[in-house]
Amino acid sequence: MKTIMVVTTLFVSVGIFSQERGQPNPTAQLVAQLDKATDVRDYELLETRFAALAKADGGWLSNYYAALCDVRIGFLLQRDGERIEPYSDRGLRHVQQALAALDTTVQRDELAEVYTVASLLYRTKVFINPMTMGPKYGPVAEKYVQRALQLNPDNPRAIYVEAWNKYHTPKAWGGDKEQARALAAKSLSILAKESPGTQPHWGARENKLLLK
């Protein structure tokens, strides 16, 4: 507990000092690292740091990014399902903390971002064992992405998740690869208008991979 308090205090102190000196704040620094991360170890370290920052700032964004790190780990481990569950569970706890920090009556765009990540976390639960977890968590994952799209139909990350779902779902169950291609292209066109920063802006890399 003392260690967490020290780390938390350090993040706050660094944030204040950085802002006074005109330097990037801790969130910006961590997001910049997240944009370049590629492997499980990278995401594990960043999840820990975002979680510590979330304890300091109490906002939704740090928990959102901590949850996103757990999403990335789950997708990297999808062929090794036995390792996924601790990450998906931890990510969903971060989601709940992010939701608790939002005013859901007015922060619709932010809520859409969190629901998108929640959808992906439930998708990682399907990876644990598709035969048994798919019927349980697949519909939950779909429910959350649809909630996100209802709140913000032009959220490019929610559109990407819908594209991913359409591509990976068998045609007999509603999958459609051409529709997936169109959705991924739409997501990319919206993402092209976003700028890097602390607000969510990921998705280009994922869409390009899907389009391949």
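In which helix is the place of Glu 206? Select residues 204-211: this is helix α10, and Glu 206 lies in it. Helices here are DSSP runs of H or I with at least four residues, numbered from the N terminus, while strands are E runs of at least two.

The model is predicted, so local features need pLDDT of at least 70 and side-chain atom pairs count only at pLDDT 80 or more, whereas totals for chains, interfaces and linings use all residues. Residues are numbered from 1 along each chain as its sequence is written, and side-chain values use heavy atoms, with hydrogens and water left out.

**Whole chain.** Color by secondary structure: the protein has 10 helices and 0 strands. Of its 212 residues, 48% are buried, meaning under 20% relative accessible area with a 1.4 Å probe and protein chains only (exposed is over 50%, partly exposed in between).

**Glu 206.** Show its side chain. Glu 206 counts as buried because its relative accessibility is 15%. Its side chain makes a polar contact of 3.2 Å with the side chain of Arg 72 and reaches the backbone nitrogen of Gly 203 at 3.3 Å. A polar contact is a pair of N or O atoms within 3.5 Å; within protein, one must be able to donate a hydrogen and the other to accept it, and residues adjacent in sequence count only if both atoms are side-chain atoms. Beyond neighbours within four places in sequence, Glu 206 is in contact (heavy atoms within 4.5 Å) with Arg 72 and Tyr 160.

**Leu 34.** Go next from Arg 72 to Leu 34, which touches Arg 72. Not counting residues up to four places away, Leu 34 also touches Tyr 43, Leu 46, Phe 50, Tyr 65, Leu 68 and Cys 69.

**The core.** Leu 34 is among the residues that touch the most other members of the largest nonpolar core, which has 59 residues; Phe 50 and Tyr 65 are also among them. Such a core is a set of buried Ala, Val, Leu, Ile, Met, Phe, Trp, Tyr and Cys residues joined through side-chain atoms within 4.5 Å. Select α6 (108-128), which gives the most to this core, with 12 residues.

**Helix α3.** Finish at residues 40-57, where 18 residues reach 25 Å from first C-alpha to last, close to the expected 26 Å; the expected span is 1.5 Å times one less than the number of residues. Buried residues in α3 include Tyr 43, Leu 46, Glu 47 and Phe 50. At its start, a side-chain oxygen of Asp 39 reaches to within 3.3 Å of the backbone nitrogen of Arg 41. After α3 comes Gly 58, with a positive phi near 65°.
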